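Hello! Please keep the structure open beside you as you read.

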Amino acid sequence: MTASDADAASGRVRDNVAKASPPMLGSGFMVICQVALGLVLLLLWQGASGRLVDNFFISNPIDVGTRLAGWVGDGSLFLHLWATVYATVVGFFVGAVGGVVLGIWLGVSPFTSRLLSPYLNALNALPKVALAPLFVLWFGLGLESKIALAAVLVLFLVFLNTYAGVREVDQDLIDGARLMKATRTQLIGKVIIPSAMSWVFAGLKISVPYALIGAVLGEMIAANRGLGYLVQFSGSQFDSAGVFAVLIVIALLAVALNFLVEIMQHRIQQWRVVGR
Amino acid sequence: MIDLRHVSKTFRKRDEMVEAVRDISLTIAQKEIVAIIGPSGCGKSTLLNMIAGLYVPTNGSIFYKGAPVSDVNTDVGYMTQKDNLLPWRTVRDNVAFPLELARVAKSERADRADQVIKHVGLDGFAHRYPQELSGGMRKRACLARMLLYGAETALLDEPFAALDAQLKLAMHDLLLKLATETGQTVVLVTHDLMEAVTLADRVLVCTRRPAMLALEQHIALKRPRDVLNVRFTNEFKELYDTLWERLRLEYHEERV
């Protein structure tokens, strides 16, 4: 994953999956097929390794499994996993809060938003990963620089969505409330923010994977802990089994995060009413 | 009470200028019920928007109780043509919204909201969301909210257009009763001539766009009016015919 991928997704996306069913793995038969496919692929991988392709490049499932088991056994995997999860989660919340606050503030202040728009556009166009050296300088090699990178990726996605949501608020609703003597604070709290909520949620949802990307990228650049560090370290040791082992862990982590988001979204939709 | 002096409004749509209202002068007295009638899209809604202070007239000026209308006019309750209920609130919370803005205690809010909801025949729907209601029900929820806001002037933009005939009569009756009770001034925009004559003290006929006043007709029918039977009286028929005679010209010219 590169920074340009991150930027490609920073367009505004409106949440239109209101009627999504709760997360399911599919029917029993499909699960069996899926597991069977996985086993076949593993067998093919094992078979190809050393015969069709050099074991040095693609390793093999047994070596990868052994490596994973070793890391689990000595507990080092959980140290790295925890570092990445911590940076992802904290980065996500910092970025989300910043993005929502900035989006609402600029959304309701036309003067400030016009004043800042060229600078915000420039910052948004900037590949955020290029900021990493700066964060390392500012925050050091520890978790803080990873949190900062994750947060900045999340912040722009959430900001753009929130801002769009605030600007999209139906003018008729605002006029109606103003005619009923709504103060500016009431207008923002009771009309503008609730109306922008579906946009805010969409922004939060799409930015979760980017928090993980930010954390892993940060660890790859400069760190002594974390899954990003581990994949970088394994690569530099020409340890392809180690690289594959970490990739599997990162993929599982990403799936787990997405699953969590789906569950949260389903919960939220119990009381949230989307659109008209 | 409401005083329009040579009011005109022109909109700029891209490079095109659209004249919606041309030189309307009009005085509405307190507690008067005035109906403005004219072909659809003639600029009647623009007129209400200007009285509410949402639009600024291009020319002329509007006075409300002697003071020029320069900002949103919070002395009026405005029921727009498109219902503007908040989609994330239930009917009760929508109806109680003006009280919430005025910081009325929660239990009192709910009680008073339920009362008006009953008035407009929406009892049993207080917990529903606007998108679960039909167009006519949403209109009634808007009406209930406006009643609860208790403004001294009500601006109504085709409030009963989406209702069936039975319900329309019931709403007419309710509106007249409440207007008399609270001494509200009512400005009603409609394209239903029957409705205009039934409700109003005065009917103003607008030309098609740009809206100008074509005819002003006092409705001397006695009050309180029986909204169901008043239409079968001879006076009603005469007034109706006079107004229709003028109004049809607007429709006739449109077709040529």
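1. Let me begin in chain A, where H5(A) passes H8(A) in a right-handed crossing. A crossing is called right-handed if the near helix is turned clockwise from the far one by less than a right angle, and left-handed if anticlockwise. The axes of H5(A), residues 76-108, and H8(A) come within 5 Å and cross at roughly 35 degrees. Axes here are lines fitted to C-alpha atoms, for helices over the stretch in contact, with angles from 0 to 180 degrees between N-to-C directions. By class, the contact of H5(A) with H8(A) has 25 nonpolar, 8 polar and 2 charged residues. In that scheme Ala, Val, Leu, Ile, Met, Phe, Trp, Tyr, Cys and Pro are nonpolar, Asp, Glu, Lys and Arg are charged, and the others, Gly among them, are polar.

2. A word on provenance: this is a predicted model, in which local features need pLDDT of at least 70 and side-chain atom pairs count only at pLDDT 80 or more, while totals for chains, interfaces and linings use all residues. Residues are numbered from 1 along each chain as its sequence is written, and chains are lettered from A and ligands numbered from 1 in the order in which they are written.

3. H8(A), residues 143-167, has another partner in H7(A), residues 132-139: the two pack at an angle of about 140 degrees, with their axes 8 Å apart. H7(A) is therefore oblique to H8(A); angles under 35 degrees count as roughly parallel, over 145 as roughly antiparallel, 65 to 115 as roughly perpendicular and the rest as oblique. This crossing is right-handed. H7(A) brings Ala132(A), Phe135(A), Val136(A) and Phe139(A) to the contact, and H8(A) brings Glu144(A), Ser145(A), Ala148(A) and Leu149(A). Their classes come to 6 nonpolar, 1 polar and 1 charged.

4. What does the secondary structure of chain A come to? The count is 12 helices and 0 strands, where helices (H or I, at least four residues) and strands (E, at least two) are DSSP runs numbered from the N terminus. Of its 276 residues, 37% count as buried, that is, with 20 or more other C-beta atoms within 10 Å of their own; 12 or fewer would be exposed and anything in between partly exposed, with C-beta atoms placed from the backbone. Among contacts in chain A between residues at least 6 apart in sequence, 78% join residues at least 24 apart; a contact needs C-beta atoms, placed from the backbone, within 7 Å.

5. Chain B brings in strands. Six of them form an open sheet with mixed pairing, in the order S6-S7-S8-S3-S9-S10, where two strands pair if DSSP finds at least two bridges between them. S6 and S10 (213-218) of chain B are the edge strands, each pairing on one side only. From one strand to the next the twist averages 15 degrees.

6. S7(B) deserves a look: 5 of its 5 residues are buried. Thr153(B), Leu155(B) and Asp157(B) point one way, with Ala154(B) and Leu156(B) pointing the other. In a regular strand the side chains alternate between the two faces of the sheet. S7(B) runs parallel to S6(B), with 4 bridges, and Tyr78(B) stands opposite Leu155(B). S7(B) is also parallel to S8(B), with 5 bridges; there Leu156(B) stands opposite Leu188(B).

7. Elsewhere in this sheet, S3(B) (33-37) and S9(B) (202-206) run parallel, joined by 4 bridges, and Ile37(B) has Val205(B) as its bridge partner. H1(B), residues 44-51, lies across S3, S6, S7, S8 and S9 of chain B, at about 155 degrees to S8(B). H5(B), residues 135-149, packs on the sheet too, touching S6 and S7 of chain B, and its direction makes about 180 degrees with that of S6(B).

8. A second open sheet in chain B has 4 strands in the order S2-S1-S4-S5, with antiparallel pairing. Its edge strands are S2 (16-28) and S5 (67-68) of chain B. S4(B), residues 59-64, joins S5(B) over 2 bridges, with Tyr64(B) opposite Ala67(B).

9. Finally, how many residues of chain B are in contact with chain A? There are 19, meeting 15 residues of chain A. S6(B) (76-79) and H3(B) (97-101) each supply at least two residues of that side of chain B, and H3(B) gives the largest share, 3 residues. By class, this side of chain B has 14 nonpolar, 4 polar and 1 charged residues.

Technical notes:
Contact = placed C-beta atoms within 7 Å.
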